[in-house]
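Reader: I would like to learn how to read a model like this one, feature by feature. Please start with strand pairing.

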Amino acid sequence: MSTRSLRSAAVLVALALGAGAAFGQGPNLGKPISPAEIAAWDISVMPNGAGLPPGSGTPAQGAPIYAQKCAACHGENGKGGVSAALVGGQPLTAGIETTKTIANFWPHATTLFDFTRRAMPWPKPRTLTNDEVYALTAYMLALNKIIGEHEVMNAQTLPKVRMPNRDGFIVRFPDRMP
Amino acid sequence: MPGSHSRRRREDLEVVAGNGLLDRRAFFKGGAALAAAMTGYTLSDSAAAQQLADDPWSAAAGNRVTAYGGPARFEKGVVRTLSNPNGEPRTQHGRTPHHLLNGTFTPNGLHFVISHSGDPDIDPDKHRLVIHGLVRRPLVFTIDALMRYPMVSRMAFVECGGNSAPLASKDPIDANVQAIHGLVSCAEWTGVMLSTLLEETGIDPRAKWLVAEGADSLALSRSVPLTKALDDAMIALYQNGERIMPGNGYPMRLLLPGWEGNMNVKYLRRIQLVEAPAMSFYESRTYAQILPSGKAYQFYFIQEVKSFITHPSPGLRLSGPGLYEISGVAYSGNGRISKVTVSADGGRSWAQAALQEPVQAKAFTRFRAPWRWDGGPAVLQSRAWDEAGHAQPTRAEIVARRGETKTVPSVLAFPAQHYNTLTSWGVAPTGEVKHVYA
């Protein structure tokens, strides 16, 4: 363990064990806030499904939403346009500059839900309902034949989707990982 | 020995490496000898060449002082280059003109910017920073509140993970230092240490990571190990003394010194302590690097040791044989720069460069080496080492490990991330400088 890691670990332990004692030493100008007050910003979805909201959607439900709100940039049926293609992709052994796609690269299906909900559609982010995001996620996964045409995506099923490149990664600096 | 320096002749300047590289201490040994070497004449011979007279600006009072200063009108060409000047719905890049700057920090208006969905127009009075998740008590901070906390200042470079990507091209790309290396800059950042705020929220022992999120339209988010957060992470509010520029995260950004630029989340509004990384879009896709094997690196985090020569470089034509200062910047996300060497013969021989003091961790270090150009072809390179013992990889080393492209990509493309190899500038007898491989 490096000196830096030791120091960080020591701070971590001190904060975890002695946090009560630490209160009052700083200016203490942060105001307590409740989960309900944070809810609108609390949008991160974890690979294990934590943070996924209630709701559900199917590929068939996603298709018309895609045509209306996504196709202008990402092309008909996800073929790509001014923005990235959402379907297909070469094997990663084709070269270091291979275009990264949902099918050939993304390790977790939850990222698809998270990024669609937080960032799309480009002109009006965070205007999709949770059902719409589930439906679009299902549509994109089905287009790539990662799930079946009739599978329902929800908080239980989405984290269980196995992405093709799930095991395709090497952590660059294992000693920096918690 | 008074006078001994002035008696040194140009041939006395010690050549320490091939193609005219001189000892790095030559500039400190005596101005007269150096001036003699540069001009070919002694100082006493050089004075009487022209008749000096007052120019118009010396003959009358000058301009009024302005409320917020800008550069001289003759410096209009010192600007960033823009990848998406019309703001089409895609990422915008503004690259730093390193060949037109000197020293160790980047002026705020020239600091590189990457904006994935435009710079939000944030009212600082309405901005909030929330810290929640695996903490003892979630807290929300206003800017007014943060301004009352103890602050620290430090120099730190910020570098896009995709900076220098053109070096992964199979053949050299006809581009200058701004196009190749313009996505790194260095500034003095001032703000509140994140550890100070986490002392007030307390940390649940299960917390190992945090997710940082911005108030931009993408709500850009990245996962950061808690160890880094407690080591040297800062909630930065000021950049080179003034409030952070909109393109760099106004009114506040997460500063993770030495780590991948995209992780230094701008417009920071939310920090959530969690057990495991969120695998957000940018960490699981964009900044994961495909390797020749077909596997990909993830969690690269650190911007490893790098250097490049800014003077001379493409666009800065040499005006004739004689003495020049080779100069550039070196930096490492692993700490201080310990050594920089320079070659004028494409890496066959090397001379140690002088490092501008103070050499600061995770910040630009300016290096300089005197060079007497004989007017023939030359290939200039720099190579840096950091205090952790890492050497900047040669092109052969990085290609063996990381591969190169199969075709020559656009200079604006990002065929590789974290590609920190040497840069070679070829000098032609005409004085033109261009990007080459050696």
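Author: This is a predicted model. Take a pair of residues in facing strands: B:Gln92 stands opposite B:Ser115 in β5(B). Strand β4 (residues 92–95) of chain B and β5(B) run antiparallel and are joined by three bridges.

Reader: What is the order of the strands in the open sheet of chain B?

Author: The order is β3-β4-β5, three strands with antiparallel pairing. β3 (81–82) and β5 (113–115) of chain B each have a single partner strand and stand at the edges, so one side of each has no neighbour in the sheet.

Reader: Which strand of chain B is joined to strand β1 of chain A?

Author: That is strand β7 (residues 139–141) of chain B, joined by two bridges to strand β1 (residues 31–32) of chain A. These two strands run antiparallel, and A:Pro32 stands opposite B:Leu139 in β7(B).

Reader: How many residues of each chain are in contact with the other?

Author: On chain B there are 64, in contact with 54 residues of chain A. Helix α5 (residues 194–201) of chain B gives the most to chain B's side, with six residues. By class, that side of chain B has 38 nonpolar, 14 polar and 12 charged residues.

Reader: Now helix packing. By what are two packed helices described?

Author: By the angle between their axes and the distance between the axes. In chain A, helix α5 (residues 109–119) and helix α6 (residues 130–143) pack at an angle of about 130 degrees, with axes 9 Å apart.

Reader: Which residues make the contact between α5(A) and α6(A)?

Author: From α5(A) they are A:Ala109, A:Leu112, A:Phe113, A:Thr116 and A:Arg117; from α6(A), A:Val133, A:Leu136, A:Thr137, A:Met140 and A:Leu141. Seven residues of this contact are nonpolar, two polar and one charged.

Reader: Where in chain B does pLDDT stay under 50?

Author: Where pLDDT is low, the predicted coordinates should not be read in detail. In chain B, pLDDT stays under 50 over residues 1–10, for which the model has 11 contacts beyond four places in sequence. It also stays under 50 over residues 39–45 of chain B, with six such contacts.

Reader: What does chain B average in pLDDT, and what does the model score in ipTM and pTM?

Author: Chain B averages a pLDDT of 93, and 92% of the residues score at least 70. The model scores ipTM 0.90 and pTM 0.92.

Notes
Residues numbered from 1 in each chain as written. Chains lettered and ligands numbered in written order. Predicted model: local features only at pLDDT ≥ 70, side-chain atom pairs only at ≥ 80, totals over all residues. Contact = placed C-beta atoms within 7 Å. Helix = DSSP H or I, 4+ residues; strand = E, 2+ residues; numbered from the N terminus. Nonpolar A, V, L, I, M, F, W, Y, C, P; charged D, E, K, R; others polar. Pairing = 2+ DSSP bridges. pLDDT = per-residue confidence, 0-100. Axes fitted to C-alpha atoms, helices over the stretch in contact; angles between N-to-C directions.
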